[in-house]
Structure formats: structure tokens, C-alpha cells
Amino acid sequence: MGQGILLSAGADIDFMIHGVFSYELFGQTVWITTTHVCVLIVMLVIIGFCIAANRAVKHASDVPGTFQNVAELVVEMLDNMIGGVMGKFSPKFRNYIGTIFIFILLSNISGLFGLRPPTADYGVTLALGLITFTLIHFNKFKHQKVKGVIAGLCDPWPFWAPINIIGDVAVPVSISLRLFANVLSGTVMTALVYGLLSKIAIVWPAALHVYFDLFSGAIQTYVFCMLTMTYITDACTTEE
């Protein structure tokens, strides 16, 4: 019976995955989807905030205004978070961690404004995971050298190297899937509520948005950035 309900109401359930327009590229049809549009909106919001914050700082007065206070508070909170985890390495990665924190957070909470969270698309989270993966191994070879990397792979015994390699390769997959799955589950749950309970889905689904988009979104942002900072710090740390 449950299956029948889902099938009969399937046409009314909207997961907000739509093609906006398409174009031909090298004989292939390429679609611009709602994910691309939402990513663009999030990026424009971040760029607009950064431009406004830059102007506010350049024209700062003796008594800072509300916007300047907010901008300074955001920067201070991010600096404290990054410095507390990465220590002496924080100045080098402050911009990257701060950027992905703001991007992921705004992406996760964009559902509150009727958008489909870009992080509910694995193409977005995997890209973030691959960037982190590249930074990890770049800094590992930079600080630990080839000898240190090989020694790490052979720890505790040389025949353990294949397992350690699999563990390294699994890092971008695990952190990207964790973020993607948690955000997608919230998107699917809210879509099912609106689709199956549309007649009584008035006002009370706001509580679901507060949990999935705001609370869970903030937690997943923190987890992703915390794992990124931990992995990079570990890669930069030598035994000397």
C-alpha cells in the first residue's frame, strides 16, 4: 500500500532537479541545470558580500556600522576556528578554508530561500573533495618529501602500503559523500513531505527546513572544514 501511495503521488514530488537550457558542444548536448544556477547565485552572493565588506573596511569610520561589525565578526570567527585547529599553518590556508566554509554554508542553507542546495549534487561536493585531496598531497610532498611519504605509506609494515594507499584515495570520496548524502537526504525528505502531504504541508514544514537546511547544514559545513584542516595539518607536520 505504501508503494502505491508513492507511485500515485510521484508526479507531484519535485526534487528540484531540472534542466534550464541546453547547448551543443563538440556534437554533445550539454545541459545547464538547477544546480549550476544555484551555484552561480551562491557565488554572486559571496562576491557581492566581499565587495561590500571591502568597501566598508576601506571607508571605515571611528564608529563602525552594523555591516562592518558583521563582516569583522565573520572574519574573526573563521580566523579563530582555523587558528585553533591548524596552529602555525593557519595563515597559509586561511583564505581557502574560509572560502569553502562560507560557500558550503550558504549552499546548505539556500534551501531556506527556495533554492536546491548545490551541495545536494555530488558533482559539487566531489570537486571540493578533490581540491582538498590535491592540497593534502601537495603539502605532504612539500613538507615530508618523497622519503617521508614513502615511510608513511609503509607504516607500520611495508606490506601495509596498499591499504594505506587505498585509505589516502578514499579521503576525497568519504568527505564528499558525507556532505552530499546528508544534504541530499534533507532535500529528499522535504520534497516528499511537500509532495505527499501537500494539502496539510502548511507552516509546520518550516521546522524541517530549520533542521535540515540550517542546523544540519551548519554541522556538515563544520565537519567538512574540520576534516579538511585536520588532513592538511597532518600533511604539513613532520617528525622533526
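Predicted model: local features only at pLDDT ≥ 70, side-chain atom pairs only at ≥ 80, totals over all residues.
Reader: Why is Val37 called partly exposed?

Author: Its relative accessibility is 32%. You'll find Val37 in helix H2; helices are DSSP runs of H or I with at least four residues, strands are runs of E with at least two, and both are numbered from the N terminus.

Reader: What makes the nonpolar patch a patch?

Author: Patch residues have over 30% relative accessible area and no salt bridge; nonpolar side chains (Val, Leu, Ile, Met, Phe, Trp, Tyr) are joined within 5 Å, and like charges within 9 Å. Here the members are Val20, Phe21, Tyr23, Leu25, Phe26, Val37, Ile41 and Val45, with about 750 Å² of accessible area together. Areas like that come from the Shrake-Rupley method with a 1.4 Å probe, and for residues only the protein chains shown count as cover. Strand S1 (19-25) and helix H2 (34-58) each supply at least two of the patch residues, with S1 giving the largest share, four.

Reader: And what makes the other patch, with Lys88, positive?

Author: Lys and Arg count as positive, Asp and Glu as negative, and His and the chain ends are left out. The patch is formed by Lys88, Lys92, Lys142 and Lys145, so by that rule it's positive. A charge is placed at NZ of Lys, CZ of Arg, CG of Asp or CD of Glu.

Reader: How do you know that Lys88 is exposed?

Author: Its relative accessible area is 71%, and exposed means over 50%, so Lys88 is exposed. Lys88 sits in the loop between helix H3 (66-86) and helix H4 (90-109).

Reader: Why is the Asp79 and Arg94 pair called a salt bridge?

Author: The term needs a side-chain nitrogen of Lys or Arg within 4 Å of a carboxyl oxygen of Asp or Glu. For Asp79 and Arg94 the N to O distance is 3.3 Å, so the pair passes. Asp79 lies in helix H3 and Arg94 in helix H4, so the bridge ties together parts 15 residues apart in sequence. A search of the whole structure finds one salt bridge.

Reader: What makes Ser176 buried?

Author: A relative accessible area of 0%. Buried means under 20%, so Ser176 is buried. Ser176 lies in helix H6 (residues 161-196). Setting aside residues up to four places away in sequence, Ser176 touches Tyr122, Thr125 and Leu126, where contact means heavy atoms within 4.5 Å.

Reader: Why does Ile32 count as buried?

Author: Ile32 has 18% relative accessibility, and the cut-off is under 20%, so Ile32 counts as buried. Ile32 is in strand S2 (residues 28-33). Leaving aside neighbours within four places in sequence, Ile32 contacts His18, Gly19, Val20, Phe21 and Tyr23.

Notes: Residues numbered from 1 in each chain as written. Heavy atoms only, no water. Buried < 20%, exposed > 50% of the residue type's maximum accessible area, 1.4 Å probe, protein only.
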